[in-house]
Amino acid sequence: MRRQKYVNDSNSFVKFLVLIGAVMSAVLLGLILMFGQLGYVQEVTDGVRQQEIHPENVVAITMSSSRPGCETTGCYMPTVITIDSGGTITWINEDRGLHTVTTGYYDVPDGMVESEQISPEDKFSFTFAESGRFHYYCRLHPWMEGTIIVN
Ligand SMILES: [Cu+2]
C-alpha cells in the first residue's frame, strides 16, 4: 500500500515534468514563430505602405537610408519613377538625417538637379522639361540611388 502510493506519486511527478517541458517548448516555439513572422510581415507592409501612401510624382527618402542596407528595399521610394515631360517630382525626407537628390553618379554630379541638403520632413521639388533617363544619388550616402524616367 505504502509502495503503491510512492509509485503513483512518482508517476505523477514525471508526468508533471513532461507536461512542463512540453508547455515550455510550445511557448518557446510559438515565440520564435511569432517574432519571425511579425518581422517578416512588418517588413512587407512597410514596403507596401510606402508605395501606397505616396501619390504619383512623389518620392520618399526612406527611414534609415542614412545607413547602408536600404539598397534592397529602396533608399528612394519608388526607386524608379516615370513622369511626362513638364512634370514635377517632389522628394520628401522621411528619415532623421540629411539627404540630397543629385543627378549623376557618386562624386560625378551632372549639374542638372542638385537639391542641396534636405532636412528631415522637408521637401524638394524639381520640374523636368526634357525627356530622358536620369540617374541620381545622395551626395552624403553613396548607396542611395534612384532613377527618373521622363517621357
Ligand atoms: Cu542620403
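**View 1. Pairing of strands β5 and β6 in the predicted model.** Strand β5 (residues 102-105) runs antiparallel to β6, to which three bridges join it; strands are DSSP runs of E of at least two residues, numbered from the N terminus, and two strands pair if DSSP finds at least two bridges between them. The residue opposite T102 is E114 in β6. In this predicted model, local features need pLDDT of at least 70 and side-chain atom pairs count only at pLDDT 80 or more, while totals for chains, interfaces and linings use all residues. Residues are numbered from 1 along each chain as its sequence is written.

**View 2. The open sheet of five strands.** The strand order is β3-β9-β8-β5-β6, with mixed pairing. At the edges, β3 (80-83) and β6 (108-114) each pair on one side only.

View 3. Five bridges pair β4 (residues 88-93) with β7 in the antiparallel sense, and T88 stands opposite T127 in β7.

**View 4. The largest nonpolar core.** This core has 19 residues, among which V59, I61, Y76, I89, W91, M144 and I148 touch the most other members (a nonpolar core is a set of buried Ala, Val, Leu, Ile, Met, Phe, Trp, Tyr and Cys residues joined through C-beta atoms within 7 Å; buried residues have 20 or more other C-beta atoms within 10 Å of their own, with C-beta atoms placed from the backbone). Two or more residues come from each of β1 (58-61), β2, β4 and β8 (132-137).

Definitions and conventions:
Helix = DSSP H or I, 4+ residues; strand = E, 2+ residues; numbered from the N terminus. Buried ≥ 20, exposed ≤ 12 C-beta atoms within 10 Å, placed from the backbone.
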